[in-house]
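Biologist: Could you walk me through this model, term by term? I would like to hear what stands behind each label.

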Amino acid sequence: MKNYKKITLTEQEMPTQWYNIVADMPVKPLPPLNPVTKQPATKEDFIPIFAEELINQEFTHERFIEIPEQVQELYKIWRPTPLVRAYGLEKALDTPAKIYFKNESTSMAGSHKPNTAIPQAYYNYKQGIKHLTTETGGGQWGSALSFAARYFGIDLKVFMVKVSYNQKPYRKLMMNTWGADVIPSPSNLTKAGRRILLAHPQSPGSLGIAVSEAVEMAAKDPDTNYTIGSVLNHVLMHQTIIGEETIRQMEKAGEEPDIVIGCFGGGSNFAGIGFPFLRKKLTEGKNIRVIAVEPQSCPKLTRGEFQYDFGDTVGLTPLIPMYTLGHNFEPANIHAGGLRYHGAGAIVSQLLKDRLIEATDMPQLETFEAGILFARTEGIIPAPESTHAIAQAIREARQAQKEGKTKTILFNLSGHGMIDLYAYEQYFAGTLQNYSIPDSEINNSLKTLEKII
């Protein structure tokens with residue numbers, strides 16, 4: 001077996017299809033519900049705000065979807081991304097485990113988000129849409145869509161969670177550079193924003209609130225559509241380009257992972273790395289553990305309830321069957337802004353319910369400790385979101401050391417932290433802290449849910 005540091009693919013070896021895990025799920029996800037009638041939502045319910053081809057992808061059970069040629073060409077700006085053997089981290093941990101990471105930080109936005117931003121902008125462009133709205137937490141999604149929208153000549157408004165807007169000014173500047181209008185959320189531009197500000201004038205915002213504002217603005221204008229960076233089926237499917245590449249790279253290295261890890265906010269990068277390997281588990285009987293790692297301050301997978309809930313705070317979106325903390329839940333102001341979302345997508349929730357994947361939560365200080373160790377051994381400063389996956393990989397490597405077992409661990413480095421250095425500054429200054437949510441707070445939030453399941 002060859003000892004590679006970096007395993008690459010040629011452009012000719014790039015996957016040309018996205019993988020739709022719904023085709024192989026033993027139990028299919030429950031359908032979304034119309035927010036008014038509470039009946040299963042139809043494609044027509046999504047038409048006012050989504051591109052038609054994206055709606056078709058949302059509902060399809062086809063196993064593989066062809067990637068349009070123009071999207072493939074744009075992917076080649078930075079794809080295929082490298083798979084890297086983390087020899088330095090292995091040495092620091094003195095572990096018998098082999099640790100690999102897929103480096104998604106090499107894109108123009110510094111994260112995995114362009115994998116879905118480009119096709120979403122493309123399908124809207126093909127439909128003749130001139131304006132888009134979206135939300136963003138830490139700013140990675142907003143940055144990615146800003147580039148994609150500009151490339152296809154589409155105007156974009158981004159509602160950025162206010163706490164992240166203030167913490168991450170350079171993300172805003174990236175979006176402005178690519179031509180997007182960035183609005184701190186909650187704002188006075190929408191009924192949803194004004195409603196939140198009336199009740200909570202100092203609200204730091206949340207992804208749920210930002211979704212409400214973006215959806216409301218899109219619904220009012222027939223020339224405007226909405227796009228989303230995570231949670232929904234078509235978004236997760238676009239991200240599987242990550243795992244499909246990784247399968248081919250692991251084969252080149254003569255390896256197969258025992259453990260696959262992704263940080264978890266709404267599910268996009270976790271699905272991107274995990275779903276193609278889950279296919280091996282579902283169709284070939286491979287014993288691969290796939291682990292979602294969420295912040296301890298926003299533990300929907302580990303402490304939430306499986307129930308129908310809105311994807312936004314105000315209740316404009318279809319009801320989704322999900323593990324949720326309640327759509328009114330406002331997470332603590334942690335620096336991993338992309339993980340501060342109250343719910344999980346329907347596919348991930350069903351997979352967890354069926355125990356086909358695992359979930360764990362991670363305290364903030366442990367994630368930064370892991371991120372700094374990774375930076376000092378592998379040279380890449382990771383995004384605060386990505387440090388959650390690194391921290392879990394370190395836990396698994398240390399467990400392998402205790403057991404004296406050789407395990408192959410794979411995680412997705414979803415983005416770099418070069419625009420998140422303020423978070424590291426706060427860590428070094430000793431001002432960051434762990435946030436553990438009391439049961440009473442979660443229970444109070446969940447009490448507002450209508451018990452449909």
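Biologist: What makes strand E10 and strand E15 a pair, and in which sense do they run?

Modeller: The model is predicted: local features need pLDDT of at least 70, side-chain atom pairs count only at pLDDT 80 or more, and totals for chains, interfaces and linings use all residues. Residues are numbered from 1 along each chain as its sequence is written, and side-chain values use heavy atoms, leaving out hydrogens and water. Strands (E, at least two residues) and helices (H or I, at least four) are DSSP runs, numbered from the N terminus. Two strands pair if DSSP finds at least two bridges between them. E10 (residues 259-263) and E15 (residues 408-413) have three bridges, so they pair, and they do so in the parallel sense.

Biologist: How are the strands of the four-stranded open sheet arranged?

Modeller: The order is E8-E7-E6-E9, with parallel pairing. E8 and E9 (224-226) are the edge strands, each pairing on one side only. From one strand to the next, the twist averages 25°. E6 and E7 are joined by six bridges, and Glu135 stands opposite Phe159 in E7. Helix H10 (residues 207-219) packs on this sheet, touching E6, E7, E8 and E9, and its direction makes about 170° with that of E6.

Biologist: Why do the buried residues of H8 count as lying on one side?

Modeller: Arg171, Met174 and Met175 in H8 (residues 169-177) are buried. Their arc around the axis is only 95°, which puts them on the same side of H8; the arc is that of the directions from the helix axis to the C-beta atoms. Tyr170 and Thr177, on the face turned away from the buried side, are exposed. Buried means under 20% relative accessible area and exposed over 50%, with partly exposed in between (1.4 Å probe, protein chains only).

Biologist: What do the buried residues of H8 pack against?

Modeller: They pack against E6 (131-136), H6 (140-151), E7 (155-161) and E8 (181-185). Contact here means heavy atoms within 4.5 Å.

Biologist: How do you know whether Asn124 is buried or exposed?

Modeller: Its relative accessibility is 0%, so Asn124 counts as buried. Asn124 belongs to helix H5 (residues 114-126) and touches residues including Ala51, Leu54, Ile154 and Asn225.

Biologist: What makes the approach of Asn124 to Gln120 a polar contact?

Modeller: A polar contact is a pair of N or O atoms within 3.5 Å; within protein, one must be able to donate a hydrogen and the other to accept it, and residues adjacent in sequence count only if both atoms are side-chain atoms. The Asn124 side chain reaches the backbone oxygen of Gln120 at 2.8 Å, so the distance falls within the cut-off.

Biologist: How would you describe the packing of H16 and H18, and why?

Modeller: H16 (residues 364-378) and H18 (residues 421-428) pack at about 110°, with their axes 11 Å apart. They are therefore roughly perpendicular: that label covers 65 to 115 degrees, while under 35 is roughly parallel, over 145 roughly antiparallel and the rest oblique. Among the residues that meet are Phe368 and Ile372 in H16, and Tyr424 and Tyr427 in H18.

Biologist: What makes the peptide bond between Arg79 and Pro80 stand out?

Modeller: It is cis, with omega about 0°, and Pro80 lies in the loop between H3 (69-75) and E4 (83-85). The bond from Ser185 to Pro186 is cis too, with omega near 10°. Most residues other than glycine have a negative phi, and most peptide bonds are trans.

Technical notes. Axes are lines fitted to C-alpha atoms, for helices over the stretch in contact, and angles run from 0 to 180 degrees between N-to-C directions. Lists of a residue's contacts leave out its neighbours within four places in sequence.
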